Amino acid sequence: MQVRDVRAYYETRHGPPIRAVDGVTLDLEHGEILGIVGESGCGKSTLAAVLSASGPPNLQIASGHLTLDDRETVDLARSGGTPREWRGNVVSLLPQRALNSLNPTARIGDYAYDVVRAHNEKMRKREALELAGGRMEQLGLPSRVLDHYPHQLSGGMRQRVVTVIATLLNPTVLIADEPTSALDVSSQKALILMLDKMMEEGMISRIIFITHDLALLSNIANRVAVMYAGEIVEVGTTREVVRRPEHPYSKALIGSTLEPDPEQRGQVIYGLEGSSPDMRNPPPGCRFHPRCPYVMDVCTHEVPPRMDPEHNYATCWWVKKEAEQGHETGGVNRVTDERIAAAP
Amino acid sequence: MSTVFPSAAPDAALDPDAKSSILGRLHRLATQFSPRFWFALALTLAVLFFGFVGPYLTGVEDPDQIVGGLYMDPSADAWLGTDNFGQDVFTQLIYGTRTSLIIGIIAGLVATFIGVVIGISAGFYGGIVEEALMGVTNVVITIPSIVVLILLSIAIDSRSIFAIAIIIGITSWPWTARAVRAQASSVRTREHVDLARLTGANTFSLMVFEVLPYMLSYIVMAFVLQLTSSILQEAALSMLGLGPSDSISLGVMLFWALLWESIRTGAWWAFVPPAIFLTLIAFALLLLQSSLDEVFNPRLRES
Amino acid sequence: MSQFQFYVAKKAGWFLVAFVIALALNFYLPRMIPGNPVDAIVSQMAAGGADAASMEAIYETYIQEFGLDKPLLLQFFAYVGNVFQGDLGTSFALYPADVRGLIADALPWTIALQLPAILVGWILGNALGAIAAYKGGWFDRGGFIASLFLSSMPYYAFAILLLYLVAVRWDLLPAAGGYSFGTEPSFSWSFITDAADHYWLPFLSLVLIFVGGQAIGMRSMAIYELSSDYVEFSRGVGISDSRIVRYIFRNAMLPQVTGLALSIGSLVGGALITEVVFSYPGIGSLLFGAIRQNDYPVIQGITLLIMATVLAANFLVDIAYGFIDPRIRAAQTGT
């Protein structure tokens with residue numbers, strides 16, 4: 001799966017639009033779980049909305065292309081996001097607040113029937129209910145939930161029901177937008193196990209897992225992408241990004257997570273000054289430069305290039321600098337290593 | 001990159017170099033609230049001016065003075081002609097507006113007061129008290145107030161402005177009670193209330209000093225609504241012939257107009273102006289009430 | 001007992017209580033008139049030139065009806081007993097006509113006016129509101145201002161303006177009455193068309209204001225529903241827009257049904273005066289005349305009828321709501 005150059009913005013009543021997603025490019029292989037992490041307002045939920053065409057009316061898609069396996073590439077700008085025929089059976093959304101994501105006045109079974117019916121007009125209600133019931137059982141839920149209304153289930157159950165419904169038609173990729181943020185820890189675990197099982201059984205083949213919980217990602221994601229101010233600033237395997245992040249923002253993000261790991265002892269833990277930029281008027285050059293501890297002059301007026309392939313890169317001038325000097329990829333780490341070494 | 005997005009003009013309000021002149025500040029204040037709010041406020045103030053300052057500007061003491069023949073056309077002497085008694089319609093309009101406003105304000109205050117007391121008590125105490133009070137409220141809401149007003153108007157021996165205002169007030173408070181209770185229920189659970197209770201404050205001071213201040217915006221908006229409905233209720237009552245027996249109000253003007261065939265004789269000046277004024281008042285107040293939301297909730301403002 | 005049955009029983013209880021209170025108010029308030037009301041009325045009639053014999057008869061009937069010599073509670077029971085037997089007393093002004101007969105003559109005109117107004121107004125208003133919320137654009141903006149204006153205008157003000165413009169100024173439709181002056185009501189075609197001519201203005205003045213109010217309410221509810229999470233999710237799993245609109249409509253309807261109960265109350269009140277404006281021969285005009293003549297039995301009969309009807313309408317609407325909202329219908333107590 002390839003996502004290329006997605007740009008989307010929110011129209012505002014007065015003034016410039018909010019450029020929530022400003023040039024996102026991603027790759028996702030079969031069987032992979034890609035985590036997208038970033039602080040609030042970095043654009044990750046907007047990205048999810050773009051890919052699942054579920055955003056509010058003032059969300060406009062300026063550009064973007066989506067390619068999945070051997071299907072025709074979709075021009076996201078022209079079709080206003082993923083086309084309806086794809087939604088649910090090729091690309092599906094697992095939303096954040098499952099508490100209200102189900103129609104409150106419809107039985108779960110009826111709603112599941114509507115989802116199936118939207119893509120397969122010929123399927124009869126009984127078959128659809130059997131399909132849904134079977135799925136529920138398979139994934140650890142009693143099939144009698146189909147007779148219930150959403151308000152009769154607990155929050156954790158509702159989230160899992162929503163997960164089952166989102167994957168009923170075996171979509172190729174599931175976009176999970178902060179699915180665990182509203183759950184208690186045991187419900188979180190149940191949900192993750194369910195997602196694992198779905199991958200194992202081949203019901204879904206890729207997951208984009210959006211969250212701000214880095215610790216969670218380090219346990220379930222194969223690769224991690226760090227998002228800041230509407231752009232992906234770094235992406236790589238989980239291990240690489242967590243152990244040796246190359247972008248200063250990723251460094252700060254990861255550094256702010258406390259790990260009870262002896263290897264981490266002696267490492268400097270520092271926070272960042274300032275706050276995330278106003279997306280109506282983002283800073284010129286590298287968007288992170290006003291807060292970057294390693295800022296150079298070039299960062300303030302030139303956008304850092306993407307040097308490496310789409311599945312493993314970091315957009316920072318230091319990466320280019322290091323590459324020019326013939327060093328291995330290590331980006332800004334070299335500087336920090338030197339500073340640590342030089343400290344008294 | 002920026003060729004993809006619509007061009008972004010820098011927002012002047014964020015420009016630190018903009019002069020903070022009086023004009024500039026006024027402009028910012030003016031644009032902070034929506035045009036709808038300013039329009040509603042202007043209209044309301046105009047009506048209030050007409051009703052309360054008008055009587056002094058006309059120089060006429062008694063609106064019931066006979067100035068001419070019956071149902072005379074508007075002329076330079078009588079801007080809106082005369083009514084079925086030969087009284088000057090324009091003067092009647094001014095005094096009528098005043099009466100309607102006075103009744104509305106008094107009734108509104110009474111209804112708001114009752115509603116607030118009941119609502120805060122219900123929301124604050126909860127439990128059985130709340131159930132009982134809300135039960136009463138629900139019963140009062142379902143019985144249509146117009147019929148209760150009719151019955152009450154017949155029963156009282158003098159239909160003065162004050163009496164009419166009181167009976168309107170005591171039949172229209174349920175709405176406010178409901179709204180206030182909902183809000184009080186939620187304020188009651190806030191921490192500062194617990195804190196005050198822990199420091200030994202008694203129930204009364206808890207209600208007045210801890211809960212009430214957070215409800216002021218709701219109470220003001222409720223008052224505006226009560227005001228509107230009271231003015232219209234009085235007009236309805238008057239049109240049925242049960243209005244104030246000693247003064248002229250907009251509703252009373254309509255009553256006389258209906259009774260004396262002004263419509264059929266084409267004397268539009270006798271009934272169209274009061275009807276328009278009633279509509280105007282209702283429209284202005286309702287518009288004001290709906291835009292008061294943004295005055296109290298700065299997050300809803302435009303900039 | 002299922003949740004729904006419990007719901008119905010609870011509502012029935014409340015309405016019984018409200019009805020008893022309504023009866024009590026209806027009974028007691030007119031009795032608060034100071035002095036002996038019968039004396040006052042009879043002396044008024046003397047001033048109006050009634051003859052001695054009928055005055056005597058009225059005096060006797062009224063003493064009996066009021067039962068002024070018996071204790072208040074007994075009077076109340078007598079009154080309630082009468083009401084349930086359908087006896088609403090005898091009119092003063094139009095003696096010996098009985099109140100029930102007078103009301104029965106006027107009622108069909110009122111029902112013919114109000115019932116279609118409520119039904120048409122509700123359906124049309126909600127449909128327009130939903131469409132406006134969904135389509136947005138100029139349809140929404142223009143319609144919104146119009147609806148806001150119409151819904152804040154009292155029924156009678158609109159009636160007066162319509163009457164003046166359409167009937168007097170432009171002379172398109174008749175200005176007063178339920179039918180042309182001097183004709184006899186019959187089931188002939190000419191009478192029906194004549195009555196229809198007289199019907200339009202009062203009907204329109206009720207319906208348009210009602211539509212305005214409903215449209216505004218529905219529009220707000222639909223807009224609120226449009227941004228809910230289930231709409232987002234439904235789109236994300238590929239459910240078609242038309243089906244989503246159906247969800248929204250169904251969910252936004254629920255609070256509108258609740259609101260209907262209260263709107264009916266205000267329409268009934270407004271319709272009274274609208275009838276007066278158009279001299280339409282319904283309950284409103286009857287009431288107007290009765291007030292002018294201090295015909296207390298008629299006034300009481302009408303107010304009782306209105307209270308009972310509005311209460312019954314509220315009750316039915318509440319039951320309907322409990323039926324439509326699956327959250328109330330489905331649950332079993334104890335789950």
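Modeller: Let us begin with helices and strands: helices (H or I, at least four residues) and strands (E, at least two) are DSSP runs, numbered from the N terminus. In this predicted model, C:Arg219 is found in helix H8 (residues 189-226) of chain C. As for conventions, this is a predicted model in which local features need pLDDT of at least 70 and side-chain atom pairs count only at pLDDT 80 or more, while totals for chains, interfaces and linings use all residues. Residues are numbered from 1 along each chain as its sequence is written, chains are lettered from A and ligands numbered from 1 in the order in which they are written, and side-chain values use heavy atoms, with hydrogens and water left out.

Biologist: Is C:Arg219 buried or exposed, and which residues does C:Arg219 touch?

Modeller: Buried means under 20% relative accessible area, exposed over 50%, and partly exposed in between, with a 1.4 Å probe and protein chains only. C:Arg219 has a relative accessible area of 17%, so this residue is buried. A contact means heavy atoms within 4.5 Å. Leaving aside residues up to four places away in sequence, C:Arg219 touches C:Gly129, C:Ala133, C:Asp140 and C:Phe144.

Biologist: How many helices and strands does chain C have?

Modeller: Chain C has 13 helices and zero strands. Of its 335 residues, 50% count as buried. Among contacts in chain C between residues at least 6 apart in sequence, 75% join residues at least 24 apart. Accessible areas come from the Shrake-Rupley method with a 1.4 Å probe, and for residues only the protein chains shown count as cover. By that method the accessible surface of chain C comes to about 15600 Å², with 67% belonging to carbon and sulfur atoms.

Biologist: What are the corresponding values for chain A?

Modeller: Chain A has eleven helices and eleven strands. Of the 344 residues of chain A, 55% count as buried. Contacts in chain A between residues at least 6 apart in sequence include 62% that join residues at least 24 apart. The accessible surface of chain A is about 15300 Å², of which 47% belongs to carbon and sulfur atoms.

Biologist: How is the radius of gyration of chain A to be read?

Modeller: The radius is taken over C-alpha atoms, and the globule rule is 2.2 Å times the number of residues to the power 0.38. For 344 residues, a compact globule would have a radius of gyration near 20 Å, and the 21 Å of chain A agrees with this. Along the principal axes, the C-alpha atoms of chain A fill a box of roughly 70 × 45 × 40 Å.

Biologist: How many aromatic pairs does the structure hold?

Modeller: Rings of Phe, Tyr and Trp (its six-membered ring) pair if their centres lie within 6.5 Å; planes under 30 degrees apart count as stacked, over 60 as edge-to-face and the rest as tilted. The structure holds 17 aromatic pairs over all chains. In one of them, the ring centres of B:Phe124 and B:Tyr125 are 5.9 Å apart and the planes stand at 80°, so the pair is edge-to-face. B:Phe124 is buried, with a relative accessible area of 7%, whereas B:Tyr125 is partly exposed at 44%. The rings of C:Trp109 and C:Tyr280 also form an edge-to-face pair, because their centres are 5.7 Å apart and their planes lie at 90°. C:Trp109 lies in helix H5 (residues 99-135) of chain C and C:Tyr280 in the loop between helix H10 (241-277) and helix H11 (283-292), so the pair ties together parts that are 171 residues apart in sequence. Both C:Trp109 and C:Tyr280 are buried. Ring pairs also link A:Tyr111, C:Phe233 and C:Tyr247 into a cluster.
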